[in-house]
Amino acid sequence: MDAANLSWASAPLNRIQAAQGRKDNEETTQLQVPVVDLAEPDEVAARKMRAACEDYGFFYVANHGVSQQLVNEQFQASKQFFTQPLEAKLKLKANRGNRGYFPFGTGSAKNPFTQEDRKEAFNAYGFETEDEDEPFHGHNKWPAESAVPGFRATMERYYGAMHSVAQRVLRLLALALDLPAGFFEERFSRPVANIRAVHYIAGQPSNAEQGIFGVGPHTDWGALTILATDNERGLQICVGSTWIDVDPRPGMFVVNLGDMVDRWTNGRFRSTLHRVVNTSERFSTPFFMAANWDAELAVLPSCQVAGQPVQTSPAVTCGAWLTMRRTAEYDKRRRMVEEESAVTQQLPALASPHIRAQ
Ligand SMILES: O=C(O)CCC(=O)C(=O)O
Ligand SMILES: [Fe+2]
C-alpha cells in the first residue's frame, strides 16, 4: 500500500474540517453535497464521486438521462395512489415480503430509537417469486388498474429508468475505487431493488427536539439509493456532528451509499446517517438497490489497508443483512442493532440527546 492509499481513512474528516474553516467573501462556506455530472468523461465523474463518497456518502447526479416528464408522471401516479381511501390502501398492506402499502404510524421507522415515522409508503420490487415466506420475496401488491389507472405501468417504467442510472453509478463507483468498471456487475445481476413511493402527511410536521421525524435518523440498508423529491425541503445528513440540508435541485437526483458499500469498502465510502425533517406535506420516491440476495458483504481486498481494522464479523450475505436490519426495525431488538448496525455506530455523533432517550 502506498502513502496515498493509506491516507484515505483520515481524508474525509480533514477535508470537511477544512471546508468548515474556510471563509468565502467574509462568510463561512456552507457544507454542500457535491454534484456529479454523469455526462462528464468517466475518469472526471469517478474522481468527483470518490471525493463525495469519502466525505459525505451523498451526491447529486446531473445529466442522468431520465426525462423530467417521467419524474413528474411518477409523482402524479404516487399522489393518485395515496389519494385512495385508507380502506382501499389497507387491502394492499405489506407483509413479510416488504411489498405493498405501509400505513402511517405502523412500525415503518427505520431507527429503533425514534418514534414511528410520520409517513405512509408503497413498495414494489423489480423481481417476484412464488415464495411468500422469505423476507423481501413474494409478489408485488399493486392496486387494481381501475382503482389507480396507469399507476403500475408508470412505476415500472420509473423503476427501469432508475435501474439504468444505478448501473451507470455502479460503474463509476468501481472506477472510483480503482477497480475495473464492470466490477460490480456480477454482484448486481439479480439485485434486491425496489421503488418506494413516500408521502409525508400534511399536518404532521417533524419536531427534531421531540424525536419526531418524517423519517428518523437511519442509514440505508442496501448499496445505493437514488432519490427523487418534490420541491419541499426536509432531507438532512449527518456530517461530523452537524446536520446539513440536502435540498431539492431541479433536474437532479440525490444519490447515497448504503450499508453494503460501507462494508465492502471497510468504511472508506460512507453509509451516512440521514433523516427527514419536513414542515409540510411532501412526496419523495427513493429507488433502493441492494446486491444479489446471495452476494457476500466481505471487505474488498483493495480496501484492506495495513494498520486499519477490518469489519469482518460476521461475514454476511446481502439477504442476511437485509433480513437482520428489518428484524431489528420491526422487533426493536436493540442489542442486535448495537452489535451489527451502522446506525448505532454513528449514533454517538448525534447532537440531540432526545434521540437516544426513549
Ligand atoms: O424522503 C427523503 O428525502 C429520504 C427518505 C429516506 O431516507 C428513506 O426512505 O430511506
Ligand atoms: Fe434513507
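Buried residues make up 43% of the 358 residues in this protein. A residue is buried if 20 or more other C-beta atoms lie within 10 Å of its own, exposed if 12 or fewer, and partly exposed in between, with C-beta atoms placed from the backbone. This is a predicted model: local features need pLDDT of at least 70, side-chain atom pairs count only at pLDDT 80 or more, and totals for chains, interfaces and linings use all residues. Residues are numbered from 1 along each chain as its sequence is written, while chains are lettered from A and ligands numbered from 1 in the order in which they are written.

The protein has eleven helices and 14 strands. Both are DSSP runs, numbered from the N terminus: helices are H or I with at least four residues, strands E with at least two. Now take contacts, meaning pairs of residues whose C-beta atoms, placed from the backbone, lie within 7 Å. Among contacts between residues at least 6 apart in sequence, 76% join residues at least 24 apart.

Start with helix 3, residues 42–55. Its 14 residues reach 20 Å from first C-alpha to last, close to the 20 Å expected at 1.5 Å a residue. The expected span is 1.5 Å times one less than the number of residues. The buried residues of helix 3 are Ala45, Ala46, Met49, Arg50, Ala52, Cys53, Glu54 and Asp55. Glycine 57 follows helix 3, with a positive phi near 70 degrees.

Helix 4 covers residues 68–83. It has 16 residues and reaches 23 Å, close to the expected 22 Å. Which residues of helix 4 are buried? They are Gln74, Ala77, Ser78 and Phe81. Seen down the axis of helix 4, these buried residues fall within an arc of 100 degrees, so they line one face of the helix. The arc is taken from the directions from the helix axis to the C-beta atoms. On the other side, Gln68, Gln69, Asn72 and Thr83 are exposed. What covers the buried residues of helix 4 includes strand 6 (119–125), helix 6 (151–176), strand 7 (191–200) and strand 14 (282–292).

Next comes an annotated region. An unreviewed UniProt entry carries the annotation "domain: Fe2OG dioxygenase" for residues 191–291. Such annotations may be inferred rather than shown by experiment; positions follow the numbering used here, and feature names are shortened. Over residues 191–291 the chain is 6% helix and 47% strand. The end C-alpha atoms are 5 Å apart.

Now look at ligand 1. The residues around it are Val198, Val215, Asp220, Leu227, Thr229, Gly234, Leu235, His274, Val276, Ser284 and Pro286. Each counts as near if its C-beta atom, placed from the backbone, lies within 6 Å of the ligand. Strand 9 (224–229), strand 13 (274–276) and strand 14 each supply at least two residues of this shell.

Finally, turn to the loops. Most residues other than glycine have a negative phi. Asparagine 98 has a positive phi, near 65 degrees. It sits in the loop between helix 5 (86–90) and strand 5 (100–102). Asparagine 98 is partly exposed, with 18 other C-beta atoms within 10 Å. Asparagine 266 has a positive phi too, near 55 degrees. Its loop runs between helix 7 (259–264) and strand 13. Is asparagine 266 buried or exposed? With 21 C-beta neighbours inside 10 Å, asparagine 266 counts as buried.

Note on methods: Two residues are in contact if their C-beta atoms, placed from the backbone, lie within 7 Å.
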